[in-house]
Amino acid sequence: MPGPPLNIVPDAFWDVFVPYSWLHFFTLGVCVLVMAAIAWLGRAFSKTQAARLRRALGVFGLVYWLSYNAWWNWHGVDVATGLPLQICDVNGVIAPLALLTRSRFLRATLYYWSFALSTQAFIQPALQVGPASLIFYWFWAQHTIILAYAVYDLAVLKFRPQWRDLMRCYAASAIYLAVVVPLNAAVGGDYGYLGNLPADRIPPFVAGLGPWPARAVILVVLCITACAMVQLPWVVIRQVTRRREPA
């Protein structure tokens with residue numbers, strides 16, 4: 001008598017995203033390959049070709065950002081949840097603008113926000129749905145664009161963060177806080193994960209910081225520290241380079 005059908009891939013795989021599952025690591029691998037390929041192309045191209053690629057990436061990033069937010073709010077904007085005001089939403093428009101304009105302020109903000117903050121979307125993604133939902137693909141594509149553009153700025157455009165760039169990042173962060181903190185209080189939102197929402201409605205790593213408003217203060221301090229930490233490798237690199245220079 002034949003046994004029950006072998007279900008190699010559970011049905012839940014399509015509907016539910018489980019952090020640190022094989023799907024998580026497989027998706028991470030795909031995202032890393034895309035980032036590496038974009039940086040490799042930029043370095044392999046001639047100067048003229050690399051400039052065209054930079055502009056194409058910038059336009060693509062803007063079109064993608066606009067398309068994603070239009071799709072998300074197609075049936076109306078929920079002011080408490082639908083505005084593109086999470087850090088990665090804002091960084092998602094900063095990334096293409098940084099490549100297009102090469103503004104030092106935007107490039108500095110992109111570097112620190114990407115490597116200190118947006119990388120958390122890959123490490124501990126706030127995602128519940130699996131490949132059956134378009135949100136799954138929008139989520140990973142958006143964050144891959146952000147980090148890929150930050151890597152491109154380092155590897156191809158030779159952005160090298162200075163301490164003054166960290167101050168630019170802190171200025172951008174202060175502007176962000178000045179917008180989202182009063183907005184959260186007014187509409188009951190959780191932009192920047194700084195709002196006063198119950199623990200079951202926020203990501204576990206944020207809930208683990210304790211009750212509001214203490215967790216909001218702790219989160220801000222952690223972000224300030226994380227941005228400073230991604231500056232430290234460049235301090236070491238410059239010190240090593242100076243020592244190797246002939247007297």
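Predicted model: local features only at pLDDT ≥ 70, side-chain atom pairs only at ≥ 80, totals over all residues.

Ground rule for helix names: helices (H or I, at least four residues) and strands (E, at least two) are DSSP runs, numbered from the N terminus. My residue numbers start from 1 along each chain as its sequence is written, and side-chain values use heavy atoms, with hydrogens and water left out.

**Entry 1: a pocket**

I looked up the second largest pocket and got a volume of about 310 Å³. For the record, the search runs on a 1 Å grid over the protein atoms alone, and a pocket is an open set of points where a 1.4 Å probe fits, with protein on both sides within 12 Å along at least five of seven lines; lining residues have an atom within 4 Å of a point. Grid points are joined across faces, edges and corners, and the volume is the space filled by probe spheres set on the points.

Which helix gives the most to the lining of this second largest pocket? I found α7 on top, with eight residues. Helices α2, α3 (47–72) and α7 each supply at least two lining residues. The lining has 18 residues, and V30, C31, V34, A141 and T144 are the closest to the centre.

V30 sits in helix α2 (residues 22–44). I have V30 as partly exposed, because its relative accessibility is 39% (buried is under 20%, exposed over 50%, partly exposed in between).

**Entry 2: salt bridges**

My whole-structure search returned three salt bridges (a side-chain nitrogen of Lys or Arg within 4 Å of a carboxyl oxygen of Asp or Glu).

R104 bridges to D165, with the closest N and O atoms 2.6 Å apart. R104 is in helix α5 and D165 in helix α8, so this pair ties together parts 61 residues apart in sequence. Buried or exposed, what is D165? D165 counts as buried, at 0% relative accessibility, while R104 is partly exposed at 32%.

R168 also bridges to D165, again with 2.6 Å between the closest N and O atoms. R168 and D165 are three residues apart in helix α8, so about one helical turn separates them. I logged R168 as partly exposed, at 26%. Shared partners join R104, D165 and R168 into one network.

The R107 and D153 side chains meet at 2.8 Å, N to O. That pair links helix α5 to helix α7 (residues 134–155), 46 residues apart. Both R107 and D153 are buried.

**Entry 3: aromatics**

I counted 17 aromatic pairs over the whole structure. Rings of Phe, Tyr and Trp (its six-membered ring) pair if their centres lie within 6.5 Å; planes under 30 degrees apart are stacked, over 60 edge-to-face, the rest tilted.

W113 and Y176 are edge-to-face, 6.0 Å centre to centre with 70° between the planes. They join helix α5 (residues 104–118) to helix α8 (residues 163–187), 63 residues apart, and both are buried.

F136 and Y137 are edge-to-face too, because their ring centres are 5.2 Å apart and their planes at 85°. F136 is buried at 6%, whereas Y137 is partly exposed at 44%. I also noted one aromatic cluster of F17, F122, F136, Y137, F139 and W140.

Most residues other than glycine have a negative phi, and most peptide bonds are trans. Which non-glycine residues did I flag for positive phi? Y20, at about 65°, sits in the loop between α1 (12–15) and α2. R102, at about 55°, is in the loop between α4 (87–101) and α5.

Last, the W212 to P213 peptide bond is cis, omega near 10°. P213 lies in the loop between α9 (204–207) and α10 (214–229).

Technical notes. Buried < 20%, exposed > 50% of the residue type's maximum accessible area, 1.4 Å probe, protein only.
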